[in-house]
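Work through these exercises with the model open beside you. Try each task before reading its solution.

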Amino acid sequence: MSGPSTTLPIFLRTVSTSDKGVVAANHYSHPKGRIRLRQAIKKVYDPQLHRDLDVEKEILVTSGANEGQYSVFTAFLEQGDEVIMFEPFFDQYLASVTFNGGIPIYVPLHPPANASGKFSSDEWKIDPKELRAAITPRTKMIIVNTPHNPVGKVFTRAELEMIASLAKEHNLLVMADEVYDTLVFDGKEHVRIATLPGMWDRTVTVGSAGKSFAATGWRVGWLIGPEYIIRPTLAASTRIVFCSNSPLQEAAAAGLEQVQERKFFQTQTAEYAERRKVLTDCFDTLGLPYTNPEGSYFILLDISRVKFPDDYAFPQSVLGRGRDFKACWFIALEVGVSSIPVSEFYCIEHANIGEVYARFSFCKDVDTLRHASERLQNLKQYIV
């Protein structure tokens, strides 16, 4: 034979018996996820959830945390079911809920009034009365994102107990989006709502290799919860993606198997704390109020005093949006540092809360952040 038809036999002859595991990682994985990864997840999460997790029934590997969340919505939402989101919210929630027939119900986190200088992300608070009033007979689920994107808030035990009490009272599911669980600073306690009394049976915990290992392009996530949540979610996920990327599941497993012995997460958190300080030192010199995040890698800078010309040449896509869209566009073009307008993470009714802020990320190397900080000093001439 000649030509391409000879390639496959030659390739197969190079594979020895010892290579079978390597070859298998290039094939479809089980829709539940590769067993090595599920066992690695169990190793890490068993002590944190105080459970002996069943890798066959209580862990599901997904194509990123986002696909996992989408599959939960597909499995459990019926037309008209309501899902409570705390604002500002990760923008993918909105599409994932509405595409599956759900109706988003918004409950804002309130920033501190008249804040100046550095203030803690913990000062963003839920009003328990607003949360209770948002619950109706159509409410199916509450999404709890902690550590929070974009605020950086790490919900306290008392706050989670309040949410848990309402979830039990009204028989609600809780989606615990904890993808930033390995990035918690200053000795703050990350409490998993699934560990609170009576909450394991109604909570699905969301994790992410992309966030945990700063490898977002891997698109490997996981869900942990009781079988009655995981089983129908598996059925949905199987029809959405069938299975997740096999080689990168192996990579994620290798990482999780070693994180404890290598103290990887502790080292990574210290490195992110250094990066956080580069930006907070910069914002201190600007004299603008900003949140000091207890978790994740975002800082919200108050840009309400940033002045731009009324006749500035904004593109049509920015005109008609909130003031923060204009300020972020202006800062990007005139200062050379990009950020995200925070009103994007709010419903129209509450967008005025977000218009005050721009979201800056510190998930970059230190040199890049220092260079950005140097550029941001030019913002002083536009502050009133």
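**Exercise 1. In which helix is Ser 96 found?**

Ser 96 is found in helix 5. Helices (H or I, at least four residues) and strands (E, at least two) are DSSP runs, numbered from the N terminus. This is a predicted model, in which local features need pLDDT of at least 70, side-chain atom pairs count only at pLDDT 80 or more, and totals for chains, interfaces and linings use all residues. Residues are numbered from 1 along each chain as its sequence is written, and side-chain values use heavy atoms, with hydrogens and water left out.

Next, take accessibility. Ser 96 counts as buried because its relative accessibility is 4%. Buried means under 20% relative accessible area, exposed over 50%, and partly exposed in between (1.4 Å probe, protein chains only).

Last, list the partners. Neighbours within four places in sequence are left aside; Ser 96 is then in contact with Asn 66, Tyr 70 and Phe 73. Contact means heavy atoms within 4.5 Å.

**Exercise 2. How many disulfides does the structure hold?**

Start with the bond itself. A disulfide is a covalent bond between the sulfur atoms of two cysteines. The cut-off here is a pair of cysteine sulfur atoms within 2.5 Å. The structure holds zero disulfides.

Check Cys 328. Its nearest cysteine sulfur belongs to Cys 282, 15 Å away. Cys 328 counts as buried, because its relative accessibility is 4%.

Now check Cys 363. The nearest cysteine sulfur is that of Cys 328, 16 Å away. Cys 363 has 31% relative accessibility, so it counts as partly exposed.

**Exercise 3. Locate two cis peptide bonds.**

Begin at Glu 87. The bond from Glu 87 to Pro 88 is cis, with omega near -5 degrees. Pro 88 lies in the loop between strand 2 (82–87) and helix 5 (92–99).

Move on to Thr 146. Its peptide bond to Pro 147 is cis, with omega near -10 degrees. Pro 147 is in the loop between strand 5 (139–145) and helix 7 (157–169).

**Exercise 4. Is Asn 171 buried or exposed? Is Ser 296 buried or exposed?**

First, the backbone. Asn 171 is not a glycine, yet has a positive phi of about 55 degrees. Ser 296 also has a positive phi, near 65 degrees.

Second, the loops. Asn 171 is between helix 7 and strand 6. Ser 296 is between strand 9 (290–292) and strand 10 (298–302).

Third, the answer. Asn 171 counts as exposed because its relative accessibility is 60%. Ser 296 counts as buried because its relative accessibility is 0%.
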